[in-house]
Structures are given as structure tokens and as C-alpha cells.
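Q: Please take a close look at the aromatic side chains in this model. Which rings group together, and how are they arranged?

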Amino acid sequence: MSAAASPPPVLDMVLITGMSGSGKSVALHALEDAGYYCVDNLPPELLLPFVALEKQNGATRVAIAMDVRSATSLPLVPQQLKQMSEQGVAVQSIFLDASTDTLLRRFSETRRLHPLSRRNAADQQRALVDAIDEERELLGDMREQAHVIDTSMIRASQLQGYVKALIASPATQLTLVFESFAFKRGVPVDADYVFDVRMLPNPHYEASLRHLTGKDPEVIDYLKGHAEVGDMARHIEQFIGHWLQALVRDHRSYVTVAIGCTGGQHRSVYLVEQLAAAFSQNWVTLKRHRELDAAL
């Protein structure tokens with residue numbers, strides 16, 4: 001009696017999209033390092049045939065980058081992703097974003113031409129701003145269906161780490177991302193919820209704690225000693241916990257909760273650590289410390 005045939009391997013597909021200049025090449029390199037077969041700038045018309053071919057060839061991991069250069073056919077993609085999911089493909093969609101000021105600076109530094117720029121415009125700076133605004137509008141639907149990473153304030157190595165952490169989490173479960181940040185460096189544009197904790201006691205004003213972070217025992221003890229810090233942690237936990245099932249019913253794959261303080265070093269870091277620990281008992285959770293990670 002012959003052994004039963006083994007089921008075909010599940011194909012894990014990551015789609016990288018986002019704004020021009022936001023770091024898609026960096027993300028694709030991270031996926032290549034993680035063992036994915038990567039294709040850059042695949043036309044949407046070829047997405048389904050490409051995935052079918054890779055499944056036929058027994059591939060288990062593929063990553064595809066698409067951008068506004070395929071603008072006319074991008075509206076096809078959301079339905080294609082839905083169709084692939086129904087066929088058993090594990091689809092993860094990541095959208096890289098950045099502030100307009102950041103994108104302007106990056107294009108200026110590299111002297112690259114934006115894909116939507118008008119070469120003969122009299123005011124090239126204005127033409128670039130218009131191109132970025134147009135790109136945001138064209139990619140709006142894809143952004144809504146993806147996990148968004150704000151690359152404005154992070155280095156290439158941070159982005160690579162974030163992408164690798166995301167693909168390691170189950171694509172079929174909702175993943176909670178808790179992120180600390182400094183208000184003085186801007187609010188992350190990838191946040192679904194933003195909580196301002198600058199009104200809490202600040203360890204920065206204690207000389208012995210100033211050089212430490214919200215991960216250090218001395219800072220933890222200091223913050224635990226203030227009832228309002230515990231109240232804030234409890235209120236945020238209750239709010240997020242109340243809406244999680246509704247987010248699951250809305251077919252959300254990722255929810256990013258950003259906690260901000262002045263410097264992104266003490267209070268926000270402490271609260272991210274506390275919240276991630278609380279939710280990790282029942283949910284897939286990831287932690288990011290934007291300012292601390294940048295210093296590594």
C-alpha cells in the first residue's frame with residue numbers, strides 16, 4: 001500500500017508597497033536575507049500568473065515589490081490578494097510610508113527623479129510635492145489593506161529588523177505592535193492609535209535616572225511608584241482590549257499602538273514594555289522603540 005501523498009507546501013507571499021523613497025529596496029533585501037525569492041516592480045497583471053507558477057514549482061516563500069510605476073493597474077491588486085488568500089496563499093502586505101518632508105529630502109540627496117514628476121516643470125520643488133501628493137492618492141487603497149511602517153525617523157537597519165519581525169508573526173492572526181516614540185521627533189504616521197503620556201512624572205529630571213531607559217530597573221521602580229503611571233497603563237490596556245475583537249471582525253492583520261513622551265526614552269518605553277507583556281499572553285505582539293533602536 002503506497003503512502004498518502006503529502007500536501008503541497010503552503011506559499012508564503014509578502015507584498016511590499018509604499019511611497020517612492022520610503023525604503024522598499026531595503027525591505028526587499030531584508031526579505032531576501034530571510035530566504036524569500038524576491039521580485040522588484042512586478043506588474044500587477046503578472047501577479048496571479050507568477051504566484052501560480054511559483055506554487056507549481058514548489059516555492060514556499062516569495063516577496064514582491066510593487067509601486068506607483070504600475071499606477072494604471074494597481075487597482076487590480078486588492079482583489080488579487082483576496083483571491084490568493086482564498087486559494088490558500090498566506091499573504092502579508094507591508095506598506096512603507098514617510099513624511100513628505102522626509103521624501104523631499106531623500107529625493108534631493110539622491111537627485112533621483114520621482115516616477116510621477118514632470119521633467120519640464122518650471123518649479124521642480126513644487127512638481128515633486130505634487131508628485132508625492134498624487135502618489136499618496138494612487139496608493140491609498142493599498143495602504144488601507146496593509147501594515148504600515150513609517151520610515152521617516154528610522155535607519156535602514158531598523159527597517160530591516162522591523163520587516164523580519166513582521167514576517168515571523170503568523171499572517172492569519174491579528175498582531176499588536178506597540179511602539180514608543182518622542183513627540184519632539186514627530187508622531188509616527190503608521191500608528192493606528194496614539195497615546196500622549198507626557199503628563200506623567202518624568203525620570204529625566206532625576207539626575208541618577210536621566211541616562212537610563214524605561215527598561216532599566218531603577219526607572220521601572222521610579223515609575224511604578226507613581227499611581228498615575230499605573231492608571232495610564234491600565235486605561236490604555238482597557239481601551240485596546242475593548243476594541244480588539246471588533247478589529248478582528250474587521251479583518252485587521254496588524255494594529256499599531258504608539259506611546260509618546262518627550263524624549264522617547266523613559267515613560268513611553270516603560271509603558272510599551274508593560275503593555276506588550278500584558279497582551280502577549282493572548283495575542284501576537286511586537287515591540288518597537290523608535291528612539292532607542294535608532295541609537296543601537
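**Aromatic rings and their partners**

A: Tyr 193, Phe 195 and Phe 239 make up one aromatic cluster. The model is predicted: local features need pLDDT of at least 70, side-chain atom pairs count only at pLDDT 80 or more, and totals for chains, interfaces and linings use all residues. Residues are numbered from 1 along each chain as its sequence is written, and side-chain values use heavy atoms, with hydrogens and water left out.

Rings of Phe, Tyr and Trp (its six-membered ring) pair if their centres lie within 6.5 Å; planes under 30 degrees apart count as stacked, over 60 as edge-to-face and the rest as tilted. Searching the whole structure gives five aromatic pairs. In one of them, the ring centres of Tyr 193 and Phe 239 are 5.5 Å apart and the planes stand at 80 degrees, so this pair is edge-to-face. Tyr 193 belongs to strand 7 (residues 193-196) and Phe 239 to helix 9 (residues 227-249), so the pair ties together parts 46 residues apart in sequence. Helices (H or I, at least four residues) and strands (E, at least two) are DSSP runs, numbered from the N terminus.

How accessible are the two partners? Tyr 193 has 22% relative accessibility and counts as partly exposed. Phe 239, at 34%, is also partly exposed. Buried means under 20% relative accessible area, exposed over 50%, partly exposed in between (1.4 Å probe, protein chains only).

Arg 198 lies over the face of Phe 183, 3.7 Å from the ring centre. Arg 288 places its charged end over the ring of Tyr 162, at 4.7 Å from the centre. The test is NZ of Lys or CZ of Arg within 6 Å of the ring centre and within 35 degrees of the ring normal.
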